[in-house]
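Here's a quick tour for anyone meeting this structure for the first time. Have a look at it below, then read on.

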Amino acid sequence: MKVFIARPFHQPAAKLLNSKYDVEVWKETTTPPPEILKEKVSTCHAIMTEGFDPINKEILASAENLRIISNRAVGTDNIDIKEATQKKILVGNTPGVLHDSCADFTMGLILSLSRNIFRSAHMVKSKKWEKLDQYSYLGSDLHNKTIGIIGMGQIAQAVAKRCKGFETRILYFSRTRKLELEKSLGLEWCDDINDLLKTSDIVSLHLPLTDTTRHLIGTRELSLMKKSAFLINTSRGAVVNQNDLVTALKNNSIAGAAIDVTVPEPIPTNHPLLSLDNLIITPHIASAAKSTFENMGIMAAENIISALSGTPMPSCINPEAL
Ligand code: GLV
């Protein structure tokens, strides 16, 4: 059977797959062009993709023998799941191996933003440290503050765990209430997202992108937040209405934002977001710690091996495709 791996970075995963299948590895470091993806979904039984590779209806129209799309990501919004399911193609993802890395990164963003670490370090490196002046860099403490976490999946839980260590009050809003976690992590449930937005000093988003969560945060939500509050987004860019975020940051209707995800990615160099001082943007790297990157690749390979051998996949998001 033929397997296509859409990046050259995943040697341990490729080694696993090589021992069983005829494996082709894309040599470039960016998404294969649509014509290549079309060819691969038509000739291969499995493809291993990155979370940014668009596997849409048009690409899937060429799928003939494809049995699995194995995404090296937890999010699968890059794939037309409905179409894949209709074509009896399984979709795999990689939860359970990246939440701690994403949570570490989220804490990094929170502290970089609230304590002006990024802004002040940038000032020093730009050779603008001309006088000793702490006043221009007075930040906001994390301890004793209130964080509002939206979503309470694995990444959100790992963020909450870390925030407990920082002695923050932790509010959360999610589809399902998690009583056990409320006890063990001291979380407080908000059944109304507006209450969380109004009360939190930091709002952190940890949701998949779906029709329900697209533009969940826009002008109305941003205006409910405190003027001193920060927004952190490591989920998907489209969970926030980006134009509304630009306006809110320009008007200082919130104090700042740190985002690891944008629409589109990469963000165009002339985008208004890039001219804002109260914003940190990183290039979608929350999970990108060495060992996590490798483990995600291995899990994606294991999803392929299970799907092609007809055994239960470590993580399948559309088992009904069978
Ligand atoms: C990264 O964004 C992922 O979905 O794993």
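## A loop to start with

Where is the place of Asp-277? Asp-277 sits in the loop between strand 11 (256-259) and strand 12 (279-281), strands being DSSP runs of E with at least two residues, numbered from the N terminus. This is a predicted model, where local features need pLDDT of at least 70 and side-chain atom pairs pLDDT 80 or more, while totals for chains, interfaces and linings use all residues. Residues are numbered from 1 along each chain as its sequence is written, and side-chain values use heavy atoms, leaving out hydrogens and water.

At 15% relative accessibility, Asn-278 counts as buried, a label for values under 20%. Beyond its neighbours within four places in sequence, Asn-278 is in contact (heavy atoms within 4.5 Å) with residues including Leu-113, Leu-249 and Ile-254.

## Around the ligand

Which residues surround the ligand? They're Ala-73, Val-74, Gly-75, Leu-98, Arg-236, His-284 and Met-296, with a heavy atom within 4 Å as the cut-off.

Polar contacts are pairs of N or O atoms within 3.5 Å. Oxygen atoms of the ligand lie 2.7 Å from a polar backbone atom of Val-74, 2.7 Å from a polar side-chain atom of Arg-236 and 2.6 Å from one of His-284.

Terms used: Helix = DSSP H or I, 4+ residues; strand = E, 2+ residues; numbered from the N terminus. Polar contact = N/O pair within 3.5 Å; in protein donor to acceptor, adjacent residues only side chain to side chain. Buried < 20%, exposed > 50% of the residue type's maximum accessible area, 1.4 Å probe, protein only.
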